Amino acid sequence: MRPLAPINGISALTKLFSARKIIPNLLKAVLFDFDGTLASLNVDFIRMRGAVLDLMGDYCTPSDAIGDLYVLEMIEAGRKLISERCPRREGEFFARAHEVISAIETEGAREGTLLPGTEEMLRELRRRHIKTGVVTRNCRAAVVQLFPDIDSRCDAVITREGAARVKPHPDHLLTALGSLDTDPTFAAMVGDHPMDITVGKEVGVYTVGVLTGYSEAGALRQAGADLIIERASDITRYL
Ligand SMILES: [Mg+2]
């Protein structure tokens, strides 16, 4: 509900823009992470990772070397290992693994909810002529399952199918910014995970952490968030 570090009554956002010699009202676009930021998806990551590791067994490849990775990176690493151990079967593994995790995600999305105030906030940003984009590692089917109107409410929706390399690779955010025709200098990234903050900083956008998902304020601050707010729908107060 409040900025964690207001400085003499001036929000950290204003302070940062001053530091960059940019007037706050020149902000042209806001990018949002999805799960934990605009919505709560109820994704069973343990089940997803277990399913991918099980699948590795079908390709005569031990999975112990990849057990610590995030699930998308796990699939990518599995594909590389399989290409060495079971040449020409890595493509089949990749497709099957994505099918399995997308099904689990979409199932979770059926029980998921949009976080309170999300739709009103998107409407308000549009009213102020600020473009909005969603940058998510989730699959499109899960995102649309939970938020059927997302394409009409946001100006760009870049799910994992829409980017050659997903965050934490900067390409994901740059794809969204390209689609919004906005320079990073005039954009912000809002997310619940330290990854959202670090990739935002790498790209050069203003970074905002939210406390509705994965992380506590300390982790977001440590990642270098320019501003930390309770929930994404509060962003309109700082613009
Ligand atoms: Mg998230």
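Residues are numbered from 1 along each chain as its sequence is written, and side-chain values use heavy atoms, with hydrogens and water left out. Because the model is predicted, local features need pLDDT of at least 70 and side-chain atom pairs count only at pLDDT 80 or more, whereas totals for chains, interfaces and linings use all residues.

**Overall make-up**

The protein chain has 10 helices and eight strands, where helices (H or I, at least four residues) and strands (E, at least two) are DSSP runs numbered from the N terminus. Of the 239 residues in the protein chain, 49% are buried, a term that means under 20% relative accessible area, with exposed meaning over 50% and partly exposed in between (1.4 Å probe, protein chains only). Among contacts (heavy atoms within 4.5 Å) in the protein chain between residues at least 6 apart in sequence, 62% join residues at least 24 apart.

| Strand pair | Sense | Bridges |
|---|---|---|
| Strand 1 (residues 29-32) and strand 6 | parallel | four bridges |
| Strand 6 and strand 7 (residues 206-210) | parallel | four bridges |
| Strand 7 and strand 8 (residues 227-229) | parallel | three bridges |

Individual bridge partners can be followed across these strands: Val 190 in strand 6 is the partner of Phe 32, and Val 190 has Val 208 in strand 7 as a bridge partner. The chain passes from strand 6 through helix 9 to strand 7 in a right-handed β-α-β crossover; right-handed here means that, with the strands pointing away from the viewer, the path from the first strand over the helix to the second runs clockwise. Gly 209 stands opposite Ile 228 in strand 8, and strand 7, helix 10 (residues 217-223) and strand 8 also make a right-handed β-α-β unit.

**Asp 192**

Asp 192 is found in the loop between strand 6 (187-191) and helix 9 (194-203). Asp 192 is buried yet has no salt bridge, and the nearest side chain of opposite charge, that of Lys 167, is 6.5 Å away. A salt bridge is here a side-chain nitrogen of Lys or Arg within 4 Å of a carboxyl oxygen of Asp or Glu, and for charge, Lys and Arg count as positive and Asp and Glu as negative, while His and the chain ends are not counted. A polar atom of the Asp 192 side chain lies 2.7 Å from the backbone nitrogen of Tyr 214. Not counting residues up to four places away in sequence, Asp 192 touches several residues, including Asp 33, Asp 35, Gly 36, Thr 37, Gly 213 and Tyr 214.

**Leu 173 in helix 8**

Leu 173 lies in helix 8 (residues 170-179) and counts as buried at 0% relative accessibility. The C-alpha atoms of Leu 173 and Met 189 are separated by 8.6 Å, the two residues being 16 apart along the chain. Leaving aside neighbours within four places in sequence, Leu 173 is in contact with Leu 31, Val 135, Lys 167, Met 189, Val 199, Gly 200 and Val 203.

**Backbone features**

Most residues other than glycine have a negative phi, and most peptide bonds are trans. A cis peptide bond, with omega of about 20 degrees, joins Lys 167 and Pro 168, and Pro 168 lies in the loop between strand 5 (156-158) and helix 8. Asn 42, although not a glycine, has a positive phi of about 60 degrees; Asn 42 is found in the loop between strand 2 (39-40) and helix 2 (45-56) and is partly exposed, with a relative accessible area of 46%. Arg 88, also not a glycine, has a positive phi of about 75 degrees; Arg 88 lies in the loop between helix 3 (71-85) and helix 4 (90-110) and counts as exposed at 77% relative accessibility.

Methods
A polar contact is a pair of N or O atoms within 3.5 Å; within protein, one must be able to donate a hydrogen and the other to accept it, and residues adjacent in sequence count only if both atoms are side-chain atoms. Two strands pair if DSSP finds at least two bridges between them.
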